[in-house]
Amino acid sequence: MPENTHRVRIRDYPADVRRFANLERLSHAAAAYVLAAMETTLETRDRFSLVLAGGSSPLRLYELFADTYRARMPWAHVHLFWGDDRYVPRGHPDSNQGAAYDAFISQAPIPAEQVHAMPTKIAPPAQAAEVYEETIRRFFGGGPPAFDLVLLGLGTDGHTASLFPHLHPEQHLQQPDAPWVQAVEAPPGVEPRQRLTLTLPALNHARRALFLVSGTSKRDAVHTVLRTPDPTLPAAYVHPQDELVWYVDDAAWGDD
Ligand code: 6PG
């Protein structure tokens, strides 16, 4: 187990938490984690499905994909998906897919047909959610959405992807036929409000999930999810099939 790593249980699910001095070191370690997961997976399979997180925390990691680690990325075998996106065109400053294209996709030798962005121009949003769900179903040949790795951020309110507390996303975990993609509205004041998001059943069918959390604004959410019994914030319900890892910088962890 790498240094600065300790095992916790989140709603009785084991997770490895690794602390870093700052976001730069966290991002390089996250790149190493992604590359190692790709290397292991591609020993026995010919493609790696990576779900990208939105927001600002993963942007340095994305830049590293296209520069420092570009030559080590197995681009021909990588398929990109998104855990959520704001319901705006790719060129909009709030677009998660737009941010990822700017950070690395537009500079990387990844075949365009391997980039599966959320269709944020199909109206109504509920139909766009169905279209993306069909994209996922087709990719996995009708089986469960066993993404090889899901990258996730953490909101100050404990949301992840666009699964906000007021939506009670955990309810989907009790529904056998729950959707994998949902059109949702962020709480008032969180703009853009209209979003598309993977649901917890979709996230939890993944093999691995890696949270990237940075900054003092996340301290309360980190403490609640990682350091209190039976947390009920949405991020606490992410339980992938094989491995759950949290990368947290010292600013987000606080002083213990
Ligand atoms: C989004 C994200 C969201 C994000 C958190 C953290 O579309 O906003 O998917 O879940 O990961 O809000 O955002 P920051 O990394 O910008 O703090």
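**View 1. Ala161 and the ligand in the predicted model.** A backbone N or O atom of Ala161 is 2.6 Å from an oxygen atom of the ligand. The ligand on its own exposes 410 Å², and the protein buries 86% of this area. Ala161 is also listed among the closest of the residues that surround the ligand.

**View 2. Side chains of Arg86 and His159 at the ligand.** In the side chain of Arg86, an N or O atom lies 2.7 Å from an oxygen atom of the ligand. For His159, a polar side-chain atom is 2.8 Å from a ligand oxygen atom.

**View 3. The shell of residues around the ligand.** The ligand is surrounded by 15 residues, and the closest are Ser57, Asp84, Arg86, Ala161 and Lys218. By class, the shell comprises 9 polar, 4 charged and 2 nonpolar residues.

**View 4. The largest pocket, whose space the ligand takes.** The largest pocket holds about 380 Å³ of space. It is lined by 26 residues, of which Gly54, Gly55, Arg86, Gly155 and His159 are the closest to its centre.

**View 5. Strands and residue classes in the pocket lining.** Strand 5 (84–86) supplies at least two residues of the lining of the largest pocket, and strand 6 (149–152) likewise supplies at least two. The lining residues divide into 11 polar, 9 nonpolar and 6 charged.

Conventions. Residues numbered from 1 in each chain as written. Predicted model: local features only at pLDDT ≥ 70, side-chain atom pairs only at ≥ 80, totals over all residues. Heavy atoms only, no water. Near = heavy atom within 4 Å. Polar contact = N/O pair within 3.5 Å; in protein donor to acceptor, adjacent residues only side chain to side chain. Areas by Shrake-Rupley, 256 points an atom, 1.4 Å probe, with all protein chains shown as cover. 1 Å grid on protein atoms, 1.4 Å probe; cavity = no way out; pocket = protein on both sides within 12 Å on 5 of 7 lines; lining within 4 Å. Sits in = over half its atoms within 2 Å of the grid points. Nonpolar A, V, L, I, M, F, W, Y, C, P; charged D, E, K, R; others polar. Points joined across faces, edges and corners; volume = space filled by probe spheres on them. Helix = DSSP H or I, 4+ residues; strand = E, 2+ residues; numbered from the N terminus.
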